[in-house]
Amino acid sequence: MTSHREGNKKSFLYLHPLYRNLLMKQIVIILVAAFAFACSSEKKPALQRVADFNFDWKFQLMEDTATLTQIPLDDSDWRDVRLPHDWSVESPFDSAWEGATGYLPGGVGVYQKHFTLTEADQNKSTFILFDGVYNNAEFWINGQKLGENPYGYSPVYFDLSAYLNAQSDNVLTVYVDHSRYADSRWYTGSGIYRNVQLISLNKLRIPIWGTFVTTPEISSEKASVLIDVTVENASDAQSTFSLATKILDKTGKVVAETTGNQQLASGSKEVFQQTLSVTEPKLWEPDSPEMYQAVTSITTDGVVVDEYVTPFGIRDIDFRVGEGFFLNGKNTLMKGVCLHHDAGLVGTAVPKGVWRRRLAILKEGGVNAIRTSHNPFSQEFLDLCDEMGFLVQNELFDELDYAKDKRENLHDVHDDYITRGYDQHFQQWAKSDLTRTMLRDRNHPSVVQWSIGNEIEWTYLHYRFITGFYPDPENPSKNTGFFGKPPMFSPEELKARYDGWEKGEYILAETAKRINGWVKEIDTTRPTTANLIIPQVSHVSGYADAVDIAGYSYRNPVIPWGQTHFPHKQITINECPGSWDDWKQVLEHPGVFSMFMWTGIDYLGESHKKWPKRRPWGDMLDLAGFKVQGWNYFKSVWKDEPHVSIGTLPLKETAFKVDKLSGFAVAKNKGSYKWRDSNMHWNYEESEPILVEVCSNYATVELLLNGQSLGFRSMSESPDRLMRWVVPFAEGKLEARAVMNGQETYAVIETASQPKSIEVSVDKKDLKADAYDVAHIVIQLLDEKGNKVQTDDVNVEFSINGPAKLLGVDCGNYNKHQLFQSNTIETYKGRALAIIQSTMEAGTIEVSVKGDGLPTQTVKLGSR
C-alpha cells in the first residue's frame with residue numbers, strides 16, 4: 001500500500017516537465033515571500049536620527065574679541081581638532097594668569113566644520129546639538145547666524161534646515177569668547193568641550209528631548225510606566241499616524257508595549273500620554289542599577305518614519321520630613337561627594353572612560369551619591385551615573401541676581417573684565433538654560449534632586465549681617481565664630497532683623513520661588529533643594545521655603561536649631577568638609593539623609609594668590625585620580641566590609657602632641673579631629689616622632705613595628721574613628737592588625753630603599769578602535785624588594801607605538817607645573833599616569849616607559 005504522502009510525491013514526479021517547472025517556480029516565490037515576511041516581523045534597526053559630529057573640525061585661536069565678518073572664514077591654515085576639545089588645558093601653567101581658574105588662560109577661539117548632506121537627509125529637518133560650549137558662544141551655518149548661548153554649562157541646539165546646501169559644501173562656524181577667563185571660581189575649560197551631534201528628523205517626528213518617562217506606581221508584581229511623548233508635525237498637511245512604544249529590558253526582551261492611532265495638524269505640536277505595565281520589574285538602585293529602554297516609533301502608511309529611544313530606570317523616591325530619603329521603600333543614606341567637571345590632564349574635555357575609572361574608584365570607597373558642583377554636567381556623565389548606580393543632585397547655578405567674587409568667593413569685590421560671569425546673563429537666560437538642561441536630564445534615574453543654587457546668600461549682603469556674626473558692614477568678610485556656633489538669635493528676632501534691614505533690587509526668596517516654579521513646570525517627580533550657607537536667615541526670609549529641601553553648607557551647629565524651630569522643613573547636608581562629625585549628623589538626626597563632602601576628587605582652580613598651588617585638595621582622589629588617605633577613611637566608614645589602613649605624618653606637622661602620662665596622641669584643639677592627607681609610607685629620619693593614624697571599622701586595632709607590639713587602640717577612645725600612636729621612627733615593617741570572630745585583617749607598610757625598577761599597570765588591555773576608548777597607564781617606582789618607593793622621584797618618558805594617541809601625563813603634584821600635554825613627567829610619591837586613546841585603526845599598541853637610570857618597561861594593548 002502506498003501512503004498518502006508517498007502518493008503525492010509520486011504524482012508530482014510524474015507531472016509533465018512544463019507543469020513541474022511552473023509549479024517549482026511558484027513554490028520558490030512562496031518560500032521567498034515567507035522568508036521576507038519572517039524577516040520583516042523581526043525588530044528593525046533604529047532609524048538613523050543621530051550622527052556623531054565630533055570629527056574633522058578646524059580650530060583657530062583669535063587675537064581679539066572683535067565680531068566675526070565674512071563668515072564662513074578661510075580655515076585653510078587652521079589646526080585640525082576633534083571634539084570634545086578644551087584649549088585652555090593645552091597651555092602651560094603660568095602665575096601671570098588667575099589662580100581662581102587654575103593659572104591657565106582663556107581667550108577667543110573659532111571652530112569650523114565642513115560637511116555635505118547625505119542623499120537620505122536632504123528631505124529631512126537637520127539640527128545641530130551641542131552638549132556644552134564654554135562659553136559666550138555664537139553659532140553660524142553658511143554665514144547665517146543661528147543664535148548664541150552665553151552659559152557654558154547648558155546644552156543647546158539649532159535647526160539648520162533653512163540654510164543648508166543640499167548637494168554642496170556646508171560650513172558650521174562656532175565662535176567662543178572666553179576672554180573673561182576668570183568668570184568662575186574654579187577651572188572651567190574653554191571651547192567645544194562636550195559632544196556634538198547632527199540630528200536628522202522626518203517632518204513628522206519626536207523632537208530632541210521629546211519624551212518624559214515616569215514610574216508613578218511600583219510594586220514587586222508590576223510597575224506602571226507613564227510616558228509623555230511630544231510629537232510635532234512640520235509638514236504642510238495633517239498627519240495620521242500610529243504611535244507605539246515598546247519597553248525593553250537590558251537583554252533586549254520586550255516586556256511591555258502599546259500602540260495607538262493619532263492625528264496631528266500641520267505645523268502643530270502635541271504631547272501624547274502612554275501607560276504601560278511591566279511585570280516583576282527590576283528596580284534601579286545603587287547596588288543594582290537596572291536599566292530599561294522605551295523605544296517609541298511613529299508609523300505612517302506602514303512605514304516607520306521616526307524612532308526615539310529613551311533609557312530609563314524603574315525606581316521610587318520619597319523624601320519624608322523627620323524620616324529621611326526612601327529609595328524603593330528603603331530608608332537610604334546618601335554617602336556623597338561634591339565634584340567639579342574637570343578631570344586632571346584632560347581638563348574639561350573628559351573622555352567617558354576617564355570618568356568611568358574615577359567613578360569606579362569612588363564607588364569602591366563607598367560613595368553612592370554625587371552633587372554636580374555647581375553646574376550641570378555632561379550627558380555622558382549622567383549616563384555613567386545611571387549605569388554605575390549613583391544618586392545625583394543636579395545643580396543648576398552658582399550665581400543668580402548678583403555676582404560672586406571669583407577670587408575670594410563671597411560677594412563681588414572686583415569689577416574687572418576677566419571675572420564677569422553668569423549674573424550678567426541670569427535675568428535673560430536663566431529660564432532657557434534651566435529648561436534645556438532639565439529636558440535633557442529628566443529621564444535619568446540617577447537624578448533624584450534639582451538644586452537651584454549654591455551658597456547664593458553671600459551675594460545678598462544683608463543676609464550675613466542679620467546673623468549677628470558679621471558685626472561690621474565696612475568689613476563684610478570678617479565674622480566672629482559664624483561657622484562654629486549655633487544661631488545667636490531666635491527665629492522671631494532674625495525675622496525682625498531681616499524685615500528691618502535694607503535690601504537691594506532683587507529679593508532672594510522671590511528669585512528662588514521663580515526658579516522653583518520653572519522646575520515644577522517641567523518635573524514634579526523630584527524635589528528641589530538649594531545649598532544654604534546662611535540657613536538661619538534663609539529660614540525666616542522665605543528662601544528655604546521656596547525649595548522642597550533645605551540643604552545646609554558647613555552649618556552642622558544649625559541643624560538642631562533648624563529642626564526644632566522649623567519642624568515642617570526637611571533639612572539635610574548638601575556640602576561639608578568631610579569629617580566624622582559630618583557623618584554623625586546623618587546618623588544622629590532623624591531626617592538628615594545626606595552628606596556631600598568637599599570634594600571627592602581634586603580639581604583645578606580656587607587658588608587665588610596661592611601660586612604654585614594650583615588647586616585645593618580632594619578628599620578621596622587626587623588630580624590624577626590616585627587614592628589619597630581619605631579614600632581609606634571613608635571606605636572604613638561607609639562600606640560594610642573589614643577594613644584597616646595606615647597613614648603616617650611627622651608629629652611636628654600635625655595638630656597633636658604626646659600625652660606624658662599615657663603616651664597617647666592627644667589633640668591640641670577640637671579642630672584636630674579630622675582625617676588629613678597623610679602619607680602611605682614608612683620612610684622618615686631615625687627616631688623622628690611619627691604620628692601613626694589607623695582607620696578601621698574594627699573595635700580595636702593592634703600596631704606592630706618589626707613584629708613588636710606597640711599596643712592596642714580602641715574605637716571608644718577615638719573621637720573621629722582614627723586610632724593614633726606616636727612612634728619613634730625605626731626602619732622596617734609597620735603593621736596594623738585587627739581580629740573579629742577569628743578573621744584577621746591587616747595592613748602593612750615597609751621602609752623602601754632607592755628605586756630600582758618601574759612597575760607598569762594598565763586598567764584595560766583591549767581598546768575599541770573607535771577613537772574614543774581610553775586606557776590609563778599607571779607607573780609606580782619599586783625598590784629592590786618590590787616595595788613601593790614614595791619618597792624618591794625620577795623623570796619618566798612614555799613612548800607610544802601603534803594605533804593610539806597620547807592624551808597627556810599627570811602625577812597629582814599640585815605644586816609643580818609640568819605640562820599635561822607632554823610625554824615626560826617627574827613622578828610624585830613615586831607614581832605617574834599617562835592616558836592613551838584609541839584611533840579608528842585596529843592593531844597592537846606598545847607603551848614603553850623609560851625612567852632615569854631604570855630599566856625600560858613595555859606593555860602591549862590590543863585595539864579592535
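Biologist: What pLDDT does the protein chain average?
Modeller: This is a predicted model. Of the residues, 94% score at least 70. The chain average is a pLDDT of 92.

Biologist: Are helices α3 and α4 parallel or oblique to each other?
Modeller: Helix α3 spans residues 352-364 and helix α4 spans residues 379-388. Their axes come within 10 Å and cross at roughly 40°. Angles under 35 degrees would count as roughly parallel, and 65 to 115 as roughly perpendicular. The two helices are therefore oblique.

Biologist: Is the crossing of α3 and α4 left-handed or right-handed?
Modeller: The axes of these helices cross at roughly 40°. The crossing of α3 and α4 is right-handed.

Biologist: Which residues in α4 are met by α3?
Modeller: From α3 come Lys352, Trp355, Arg356, Leu359, Ala360 and Lys363. The residues of this contact divide into six nonpolar, no polar and six charged. On the α4 side are Glu380, Phe381, Asp383, Leu384, Glu387 and Met388.

Biologist: How many salt bridges does the structure hold?
Modeller: One of them pairs glutamate 90 with arginine 79. The structure's total is 40 salt bridges.

Biologist: How far apart are the closest N and O atoms of glutamate 90 and arginine 79?
Modeller: A salt bridge needs a side-chain nitrogen within 4 Å of a carboxyl oxygen. Glutamate 90 and arginine 79 form one, with their closest N and O atoms at 2.7 Å.

Biologist: Where in the chain are glutamate 90 and arginine 79?
Modeller: The pair links distant parts of the chain, eleven residues apart. Glutamate 90 is in the loop between β3 (79-81) and β4 (107-115), and arginine 79 is in strand β3.

Biologist: Which residue in the loop between β3 and β4 is tyrosine, and what is its phi?
Modeller: The loop between β3 and β4 contains tyrosine 103. Its phi is positive, in a residue other than glycine. For tyrosine 103, phi is near 60°.

Biologist: Is the peptide bond from isoleucine 71 to proline 72 cis or trans?
Modeller: Proline 72 lies in the loop between β2 (57-62) and β3. Omega of the bond from isoleucine 71 is near 0°. The bond is cis.

Biologist: What is omega for the peptide bond from tryptophan 611 to proline 612?
Modeller: Proline 612 sits in the loop between β31 (594-597) and α12 (629-638). The bond from tryptophan 611 is cis. Its omega is near 10°.

Note on methods:
Residues are numbered from 1 along each chain as its sequence is written. This is a predicted model: local features need pLDDT of at least 70, side-chain atom pairs count only at pLDDT 80 or more; totals for chains, interfaces and linings use all residues. Side-chain values use heavy atoms; hydrogens and water are left out. Axes are lines fitted to C-alpha atoms, for helices over the stretch in contact, and angles run from 0 to 180 degrees between N-to-C directions. Helices (H or I, at least four residues) and strands (E, at least two) are DSSP runs, numbered from the N terminus. Angles under 35 degrees count as roughly parallel, over 145 as roughly antiparallel, 65 to 115 as roughly perpendicular and the rest as oblique. A crossing is left-handed if the near helix is turned anticlockwise from the far one by less than a right angle, and right-handed if clockwise. Contact means heavy atoms within 4.5 Å. Ala, Val, Leu, Ile, Met, Phe, Trp, Tyr, Cys and Pro count as nonpolar, Asp, Glu, Lys and Arg as charged, and the others, Gly among them, as polar. pLDDT is the predictor's confidence in each residue, from 0 to 100.
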